[in-house]
Structures are given as C-alpha cells and as structure tokens.
Amino acid sequence: MSKFWLVAPLMVSFMDRPIRTLPELTQSEKESVLSLCRDTWRFFEKQVHSRTFFLPPDNVQLQPEKGPALRTSPTNIGLYLLSALAARELNLITAP
C-alpha cells in the first residue's frame, strides 16, 4: 500500500499541467450543436410530465410503439437535470 505514495508526485505533476485550450467552433458547428441541444431538450419536454411523476423515462420504445418505460435511473435523472440547465443557459427555456 505504501508503494502507491511513491507515484504521488508524478500524479500531482500530471494533474498540475495547464489545461489545453480547444479550437473555436465554426458557425456551422455551433448551429449543429445547438440543433442537437434543442432536440435533446424537446425529448425531455415531451417525455417528462405528471404521468411519469416528472421523472425521465428509462427508455422509449418506438418500433413497435409502446411508449415510455415507467421506470428511471440515476443516470437518466442526471442527464435530465443537465439538459434543463443547458436549455436554460442556451435560452431554449426561461426560468423566473
């Protein structure tokens, strides 16, 4: 167990490196990402309602159509909350 402390300085120096900046997106790329964000938020707007107890469904079966599964998971709830936050930040929805 004490051998792991030997590599701690290497791990710290690796984590201390400056963050690499990403290149700027083109206008076309920005529009594509925004379109994907809108589609993702529309899914949640359509699927999260009082019948699902305001929780996102685990899955939605389209072929043959059976609709949303009446169960959820922590991952789906987290994605829903992140989508709501992103939709608000991108002005797709408003909040008081």
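The accessible surface of the chain comes to about 8,600 Å², and 64% of this area belongs to carbon and sulfur atoms; areas were computed by the Shrake-Rupley method with a 1.4 Å probe, and for residues only the protein chains shown count as cover. The model is predicted, so to speak of local features a pLDDT of at least 70 is needed, side-chain atom pairs count only at pLDDT 80 or more, and totals for chains, interfaces and linings use all residues. Residues are numbered from 1 along each chain as its sequence is written, and side-chain values use heavy atoms, with hydrogens and water left out.

Of the 96 residues of the chain, 15% count as buried, where buried means under 20% relative accessible area, exposed means over 50%, and partly exposed lies in between (1.4 Å probe, protein chains only). The radius of gyration of the chain is 20 Å, whereas a compact globule of 96 residues would have a value near 12 Å. This radius is taken over C-alpha atoms, and the globule rule is 2.2 Å times the number of residues to the power 0.38. Along its principal axes, the C-alpha trace spans about 55 × 40 × 35 Å.

The chain holds 3 helices and 2 strands, which follow one another from the N terminus as α-α-β-β-α. Helices (H or I, at least four residues) and strands (E, at least two) are DSSP runs, numbered from the N terminus. Among contacts between residues at least 6 apart in sequence, 32% join residues at least 24 apart; a contact means heavy atoms within 4.5 Å.

A search of the whole structure finds 3 aromatic pairs. Rings of Phe, Tyr and Trp (its six-membered ring) pair if their centres lie within 6.5 Å, and planes under 30 degrees apart count as stacked, over 60 as edge-to-face and the rest as tilted. Phe 43 and Phe 44 form an edge-to-face pair, with 5.3 Å from centre to centre and 75 degrees between the planes. Phe 43 is partly exposed at a relative accessible area of 35%, whereas Phe 44 counts as buried at 5%. Phe 44 also pairs with Tyr 80 in a tilted arrangement, at 5.4 Å centre to centre and 55 degrees between the planes. Because Phe 44 lies in helix 2 (residues 27–47) and Tyr 80 in helix 3 (residues 74–89), this pair ties together parts that are 36 residues apart in sequence. Ring pairs link Trp 41, Phe 43, Phe 44 and Tyr 80 into a cluster.

Helix 3 also contains Ser 83, which is buried with a relative accessible area of 10%. Leaving aside neighbours within four places in sequence, Ser 83 is in contact with Thr 40, Trp 41 and Phe 44.

The backbone has some points worth a look in the loops. Phe 53 has a positive phi of about 60 degrees although it is not a glycine, and Phe 54 likewise has a positive phi of about 60 degrees without being a glycine. Phe 53 lies in the loop between helix 2 and strand 1, and Phe 54 has its place in the loop between helix 2 and strand 1 as well. Phe 53 is exposed, with a relative accessible area of 68%, and Phe 54 is exposed at 55%. Further along, the peptide bond from Gln 63 to Pro 64 is cis, with omega near -15 degrees. Pro 64 is found in the loop between strand 1 (60–61) and strand 2 (67–68).
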